[in-house]
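Trainee: Hi! Could you walk me through this one?
Mentor: Happy to. Have a look, then ask away.

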Amino acid sequence: MATYHFDHLLTATRWLSPGYVSFGVDGRISKISERAPAGDYVNVGGIAVPGVANLHSHAFQRGMAGLSEFRTAAAQDSFWTWRDLMYRFVDRLSPDDLEAIASQLYVEMLKAGFTSVGEFQYLHHDRDGTPFGNPAEMSLRTLAAAEATGIGITMLPVLYQYAGFGEQPARDEQRRFINDPDRFLDIYRVLDEATARHDNFRTGIAPHSLRAVGEDAIRDVVAEIAETTPIHMHIAEQEQEVSDCVAFSGLRPVQYLLDRVEVDERWCLIHATHMTAEEAKAAAISGSIAGLCPTTEANLGDGLFDMPGWRASAGAIGIGSDSHISVSIVEELRWLEYGQRLRDRRRNIAADAAGSSGTNLLNATVSGGARALGRARVSGETGLVAGALADIVVLDLDAPTFAGHKQETFIDAWLFSGNSPLVTDVFAGGVHVIRDGAHPDEEAIAIRYHATLSKLLSE
Ligand code: ZN
């Protein structure tokens, strides 16, 4: 058992100044107090806030960030031209390459204040499409990267069957992704067993999307998992996906999913960008979480999520960095709020009588993200609380950003003002992984990443 001192500490209900947090080897907070303990404690100082789950990641895409920001021959660059580049990059990746990229990414996430990640992993097979001896080989490499870096992880192996609605045969570029439900469940079981050994690891499932998975297969795999297992799915990200779904079924994607499959609190709907008001209301009431990825959605030109409509039905949200064009809590939440302000031409969309924009965004993201990754002890839990995993992010109280600020505006100052990274220390599942802004293995991980990318991009 160790106790740590912070100058300020955000609990579920208020700030403690100072605050002391104790946790043991299980990585769960055993005590939070304003009073110093009788024995020794470690002085960290700073502003302690709960760590944020990065609920949607495709780790390998970190290696192609910044490579597709030019015009292609296509009449209009779009999600679909970006996807062609992604397929060419995927063709080259070995298990070692994926582990090297994921390790770099997870260090970047930790330094940004993400204490856990939902790894939506669809790259399963060898380069020619043959399954590896261990069908979960690629996924196990991202798990190894999580173990090496100390980030909490929820493995979300992806079921991917088809190229488009109506069971269109998979394309050659998709050969590394494809499984039937039985082989998918083999992968899931390997990961479920591997993550069960670690307090900070979980496994869920991810039927890729309605275009890539049949509704019978969704029901079949959901029937095989425990009642608490997270289920993630891409949905309604692109307008073309909506029109293809309507052409196929007469229903819009979210409408189709809610109509055909039992969607409940275990579900995280990734993007959910294009919903009618009725779809949003029904999806929010189902208890599903909207998994928002504002920087990727902006980069890919997806569209804007309707946050006021979602909040009106008390919908839950979380954030993910998805393609990793940016790995930043500040950018995700700032873009989320600013997109709404630009569209609606007013300010403080996320604010209400209970809290400011920044505080409400952080609280919603902490509770929705933890639930989406199967890490929540209590649904709706926010702030640092006893019993929860010790996922703690410490902000630099001495930074000019916080000059003159009181507790009430710390979160808004962090999220909305300035561009300097303010995270000094991070505890993930009770392990002090980032100290004074650095990860102990970041140099070695970066050297390996440089070598990997030099090789991949010269091929
Ligand atoms: Zn995605």
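Trainee: How many disulfides does the structure hold?
Mentor: Zero disulfides in this one, and keep in mind that we are looking at a predicted model.

Trainee: What is a disulfide, again?
Mentor: It is a covalent bond between the sulfur atoms of two cysteines.

Trainee: Okay, take Cys245. Which cysteine sulfur is nearest, and how far away is it?
Mentor: The nearest one belongs to Cys268, and it is 19 Å away. A disulfide needs the two sulfur atoms within 2.5 Å, so Cys245 is in no disulfide.

Trainee: Is Cys293 buried or exposed?
Mentor: Cys293 is buried, with a relative accessible area of 0%. Cys245 is buried too, also at 0%.

Trainee: Switching to rings. How many aromatic pairs are there?
Mentor: The structure holds 16 of them. One of these joins Phe305 and Trp310: the ring centres are 5.7 Å apart and the planes meet at 65 degrees, so this pair is edge-to-face.

Trainee: Why edge-to-face?
Mentor: Because planes over 60 degrees apart count as edge-to-face, and here the angle is 65 degrees.

Trainee: Are those two residues buried or exposed?
Mentor: Phe305 counts as buried at 3% relative accessibility, and Trp310 is buried at 0%.

Trainee: What kind of pair do Tyr338 and Phe416 form?
Mentor: A tilted one, with 5.8 Å from centre to centre and 35 degrees between the planes. Tyr338 sits in helix α11 (residues 329-344) and Phe416 in helix α13 (residues 407-416), so the pair ties together parts that are 78 residues apart in sequence.

Trainee: How accessible are they?
Mentor: Tyr338 is partly exposed, at 33% relative accessible area, whereas Phe416 counts as buried at 18%.

Trainee: Which residue lies over the face of Phe416?
Mentor: That would be Arg341, at 5.5 Å from the ring centre.

Trainee: Which residues do ring pairs link into a cluster?
Mentor: Phe60, Tyr87, Tyr122, Tyr160 and Phe177 are linked that way.

Trainee: Last topic: where is Thr452 found?
Mentor: Look in helix α14, which covers residues 442-458. Thr452 counts as buried, at 8% relative accessibility.

Trainee: What does Thr452 touch?
Mentor: Leaving aside residues up to four places away in sequence, Thr452 touches Asp97, Ala100 and Ile101.

Key
Residues numbered from 1 in each chain as written. Predicted model: local features only at pLDDT ≥ 70, side-chain atom pairs only at ≥ 80, totals over all residues. Heavy atoms only, no water. Phe/Tyr/Trp six-rings, centres within 6.5 Å; stacked < 30°, edge-to-face > 60°. Buried < 20%, exposed > 50% of the residue type's maximum accessible area, 1.4 Å probe, protein only. Helix = DSSP H or I, 4+ residues; strand = E, 2+ residues; numbered from the N terminus. Lys NZ or Arg CZ within 6 Å of the ring centre and 35° of its normal. Contact = heavy atoms within 4.5 Å.
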